[in-house]
Amino acid sequence: MPAVSTSPQQLLQFVVDDDLDAAVRAGLMDYTASPDDTALSSAQSQQLLDAQQHLRTAWAARERHRARDARLARRAAEREARRAPPPVANSKPALPSAAAAILARAKARAAEKPSS
């Protein structure tokens, strides 16, 4: 892990001031408490570790929410695709050859008859 770029006291100050963006930029997620560190008390170290855990939980929830949104959008698109009518290739159905011949003869006879 990369070393913490800011002192633990400064990280704690960012957390206390509720400036978590600055704390993350300063290296909050890289902070590890060590028993021989005298810069912070154990309660203050725990406060930083709690802030880390809170952020990890929030980020995980955000990822689950994004995955859920993507899953719901995919399902909605699949549902819409199933509902869509099939594409129409030709608006007039083709007549069988025998029916076409009968129709042609009927039209020819109708054309031969004089109008009254």
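**Exercise 1. Describe the surroundings of S45.**

Step 1. The side chains of S45 and Y31 are joined by a polar contact of 3.0 Å; such a contact is a pair of N or O atoms within 3.5 Å, where, within protein, one must be able to donate a hydrogen and the other to accept it, and residues adjacent in sequence count only if both atoms are side-chain atoms. The model is predicted: local features need pLDDT of at least 70, side-chain atom pairs count only at pLDDT 80 or more, and totals for chains, interfaces and linings use all residues. Residues are numbered from 1 along each chain as its sequence is written, and side-chain values use heavy atoms, with hydrogens and water left out.

Step 2. Apart from neighbours within four places in sequence, S45 is in contact (heavy atoms within 4.5 Å) with Y31, A33 and L40.

Step 3. The relative accessible area of S45 is 10%, so this residue counts as buried, the term for values under 20% (1.4 Å probe, protein chains only).

**Exercise 2. Identify the residues at the centre of the contacts in the largest nonpolar core.**

Step 1. A nonpolar core is a set of buried Ala, Val, Leu, Ile, Met, Phe, Trp, Tyr and Cys residues joined through side-chain atoms within 4.5 Å. The largest one has 14 residues, of which L11, V15, L28 and L48 touch the most other members.

Step 2. At least two residues of this core come from each of α1 (8-16), α2 (20-26) and α3. The most come from α1, which gives four.

Step 3. Beyond four places in sequence, the contacts of L28 are L11, V15, A23, L48, A51, Q52 and L55.

**Exercise 3. Summarise the whole chain.**

Step 1. The chain has four helices and zero strands.

Step 2. Of its 116 residues, 16% are buried.

Step 3. The chain exposes about 9100 Å², with 56% supplied by carbon and sulfur atoms; the areas come from the Shrake-Rupley method with a 1.4 Å probe, and for residues only the protein chains shown count as cover.

Technical notes: Buried means under 20% relative accessible area, exposed over 50%, partly exposed in between (1.4 Å probe, protein chains only).
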